[in-house]
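Student: I'd like to take a close look at how charged side chains pair up in this protein. Could you walk me through it?

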Amino acid sequence: MKDISIGSWITLNHFSIVEIMADAGFDWLCVDMEHSVTDYFEAQQLIATIQSKGIKAYVRVGGNNTRIIKRVLDAGADGIIVPMVNSKEEAIKAINALKYPPKGKRGVGLARAQKYGFGFEDYKDNEADDIKLIVQIEHVDAVNNLEEILSLDAIDGTFIGPFDLSGSMGKPGKYDDDDVKEVLQRYEDIVKKYNKLIGFHVIQPDYQLVLDKIEKGYNFIAFSLDTLFLGTIARNQVLKYRNSLK
């Protein structure tokens with residue numbers, strides 16, 4: 001179990017929610033900038049709050065875009081999750097955005113990550129090399145090109161997006177479809193051949209589902225998200241209260 005990393009997703013833009021989630025015992029939290037209204041300044045505040053609790057701050061960026069990635073990195077993110085990476089060429093584009101030369105093409109900024117200009121050399125020589133790069137596999141083309149993507153040393157792992165993956169096959173959400181099952185199984189078979197992070201987002205706040213994914217070999221698991229943790233316990237308890245009055 002010691003090699004399993006459990007985090008969760010932050011979609012609500014408030015530092016108090018992040019503090020509460022960080023104190024819950026996760027190994028990391030991921031600020032979602034792809035499917036939330038969180039912007040750069042807000043993301044930096046959330047990253048700082050997460051790190052103040054002694055855990056890693058990941059950011060899922062809005063796209064495989066150099067400008068987006070470098071601004072999030074300069075804000076101090078410990079890791080980046082890049083959506084919709086479907087080929088080796090797209091993976092190299094993400095690497096170039098994340099790594100300083102000669103390993104990549106990241107431009108130099110003097111922001112929070114670099115202690116506002118007073119810690120650039122230390123950041124470049126140490127922290128920058130430890131930043132994790134996770135690519136999301138959420139298209140059938142990505143599975144077809146997965147061996148080439150994983151062959152790149154700078155790719156630290158992958159994160160499966162099963163709904164979008166099934167959607168790319170014209171079968172959104174049809175996880176019992178034979179073709180979809182074959183592609184998902186092929187993904188799992190390939191990633192297990194590499195000593196890299198294997199990610200999955202367990203949407204429902206049910207730890208048994210996390211255990212199921214660990215049993216299948218996943219080692220980098222996002223356990224639900226802030227809204228569902230909040231809403232699920234509230235709904236369950238209010239329902240129990242109302243039922244008790246009947």
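Student: In which helix do aspartate 178 and lysine 181 both lie, and how many residues apart are they?

Tutor: Happy to. A word on the basis: this is a predicted model, in which local features need pLDDT of at least 70 and side-chain atom pairs count only at pLDDT 80 or more, while totals for chains, interfaces and linings use all residues. Residues are numbered from 1 along each chain as its sequence is written, and side-chain values use heavy atoms, with hydrogens and water left out.

Aspartate 178 and lysine 181 both lie in helix H9, three residues apart, which is about one turn of the helix. Helices here are DSSP runs of H or I with at least four residues, strands are runs of E with at least two, and both are numbered from the N terminus. The two side chains form a salt bridge, with their closest N and O atoms 3.9 Å apart; the term asks for a side-chain nitrogen of Lys or Arg within 4 Å of a carboxyl oxygen of Asp or Glu. Aspartate 178 counts as exposed because its relative accessibility is 59%, and lysine 181, at 41%, counts as partly exposed. Buried means under 20% relative accessible area, exposed over 50%, and partly exposed in between, using a 1.4 Å probe and protein chains only.

By the salt-bridge rule, the count comes to 14. Another of these bridges joins glutamate 147 to lysine 193, with 2.6 Å between the closest N and O atoms. That pair links distant parts of the chain: glutamate 147 sits in helix H7 (residues 146–150), and lysine 193 in the loop between helix H9 (178–191) and strand E7 (197–202), 46 residues apart. Glutamate 147 is partly exposed, with a relative accessible area of 33%, whereas lysine 193 is exposed at 57%.

Now for arginine 60, whose side chain meets that of glutamate 34 in a salt bridge (3.2 Å, N to O). Arginine 60 lies in strand E3 and glutamate 34 in the loop between E2 and helix H2 (40–52), so this bridge ties together parts that are 26 residues apart in sequence. With a relative accessible area of 9%, arginine 60 is buried; glutamate 34, at 25%, is partly exposed. Going back to aspartate 178 and lysine 181, they share helix H9. Elsewhere, salt bridges with shared partners join Asp32, Glu34 and Arg60 into one network.
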